[in-house]
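Open the structure in your viewer and keep the selection tool at hand.

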Amino acid sequence: MPASISPSETVDTVRDDVIGWRRHLHQYPERSFHEERTAQFVADTLATFGGLDITRPTPTSVLARLVGSAPGPVLAIRADIDALPIVECNTHDFVSRNPGVMHACGHDGHTAMLLGAVKVLAAQRDALAGEVRFIFQHAEELYPGGAEELVQAGVMDDVDIVIGAHLWTPLAVGKVGVKAGALMAAPDIIRITITGSGGHAALPQQTVDPIAVAAQVITNLQHIVARNVDPLQPSVVSITRIAGGTTHNVIPGEVELEGTVRTFDETLRTQMPKLIERILAGVTSAHGASYTFAYERGYRPVVNDERASELVRRAVVRALGDGVLTEAIPTMGGEDFSGYQQRAPGAFFFIGARCEERGIVQPHHHERFDIDERALDYGTRIFVAATLDFLGTGKG
Ligand SMILES: [Zn+2]
Ligand SMILES: [Zn+2]
């Protein structure tokens, strides 16, 4: 990098590309594990930059390695590329053209801003000692997720630090949230069937009504967080689906429930299935019903390493100045970025993407979710600055 050009000026040259890529990806969203066109677009775009070793560790992911001019450490930067099964209700001119599928979490932006960083850095290979590995990961939104597959495929072998970002509408554009320690929860899945005995709705005495029992179960499950868990220990138990019955005058034989459990602490996480089953067993037996219960462990919690977080903090200040950095607020949302953190110290951080004046205020996974595109430039600059910090030779 010529001494006269700062990282922030360098990124200006790709800002329009990044917005263009994001809008293209937004128009052609693909669901988790089906990102064929998206991965091809990423691979084709990367091929135009030159100097990269581009591979496809799985059918719908892309890995690009940029090896510097001298030996040194290995930095991995991850972007997720998948979309969600949501009918988009935005009206901008790059709305989804794949019916029923939408980039409603910002992964189109993640992909675009990392492509921007690759383009900038590929032109500065001589300024790098070591290797930077760009991971374009499929299937973040669908457990078991793409991260674990990519780790198994070896993308994290020899990596010293891994970083990744989420565009974040809870946070205003112009702010970047970084935090060492626990940032995102472990998202586990519960599936319950309550079996009673169906019959005529006018003759309830001849039945064991699983709807009435399910109502008791749901109410009692709220006692776990309210009464069984340390109030200083974050946790969530939510029942999110209830299905049973066919019409107004028939008591059904069975009710299905599904939901999610979110925790940070491993001890509490281990206790949760026992606490749930205790209530299930007690309530169903009190009313003569029976149950089945399955508890599926999801992603591990995202817990950021102090040194990796410090690398990101320095990059934010270097690329964007002092006023941008803020302490990230942890969330009970889950992320399979934690899969990479099992292999190397890592930091996941939030790039503010909300803008009240522009009406960009919707939560993630909303049918009118959008990002303030000015946030994309922040991501590209931070990735470039972190790479030059971690691998920089001071040459060029
Ligand atoms: Zn999401
Ligand atoms: Zn996401």
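Which protein donors does the zinc ion (ligand 2) have, and how far from it do they lie? Keep in mind throughout that this is a predicted model.

**Stop 1: the zinc ions.** Select the zinc ion (ligand 2), then C105, H107 and H166. The protein donors are the SG atom of C105 and the NE2 atoms of H107 and H166, at 2.1 to 2.4 Å from the ion. Along the sequence, these donor residues follow the spacing C-x1-H-x58-H.

Stop 2: Select β10, β12, β8 and β13. In that order, these four strands form an open sheet with antiparallel pairing. Which strands stand at the edges? They are β10 (235-243) and β13 (290-296); each has a single partner strand, so one side of each lacks a neighbour in the sheet. On average, neighbouring strands here are turned by 20 degrees against each other, direction ignored.

Zoom in on β8 (residues 186-195) beside β13: their antiparallel pairing runs over seven bridges. To see one of the partners, select T193, whose bridge partner in β13 is T292.

**Stop 3: the helices across the sheet.** Helix α7 lies across β8, β10, β12 and β13, running at about 170 degrees to β13.

The axes of α6 and α7 are 9 Å apart, and the packing angle is about 145 degrees. Their crossing is right-handed. On the α6 side, the contact residues include V213, V217, L221 and I224, and on the α7 side they include L275, I279 and V283. The residues of this contact divide into ten nonpolar, four polar and one charged.

Stop 4: Select α4 (residues 107-122) and α10 (residues 374-391). At what angle do their axes cross? The angle is roughly 45 degrees, and the axes come within 8 Å. The two helices are therefore oblique to each other, and their crossing is right-handed. Show the side chains where they meet: among them are M113, L114 and V120 in α4, and L376, F383 and L388 in α10. The residues of this contact divide into ten nonpolar, five polar and no charged.

How values were computed:
Residues numbered from 1 in each chain as written. Chains lettered and ligands numbered in written order. Predicted model: local features only at pLDDT ≥ 70, side-chain atom pairs only at ≥ 80, totals over all residues. Heavy atoms only, no water. Axes fitted to C-alpha atoms, helices over the stretch in contact; angles between N-to-C directions. Parallel < 35°, antiparallel > 145°, perpendicular 65-115°, else oblique. Left-handed = near helix turned anticlockwise from the far one by under 90°. Contact = heavy atoms within 4.5 Å. Nonpolar A, V, L, I, M, F, W, Y, C, P; charged D, E, K, R; others polar. Pairing = 2+ DSSP bridges. Donors = N, O, S within 2.8 Å, 3.2 Å for Na, K, Ca; no water.
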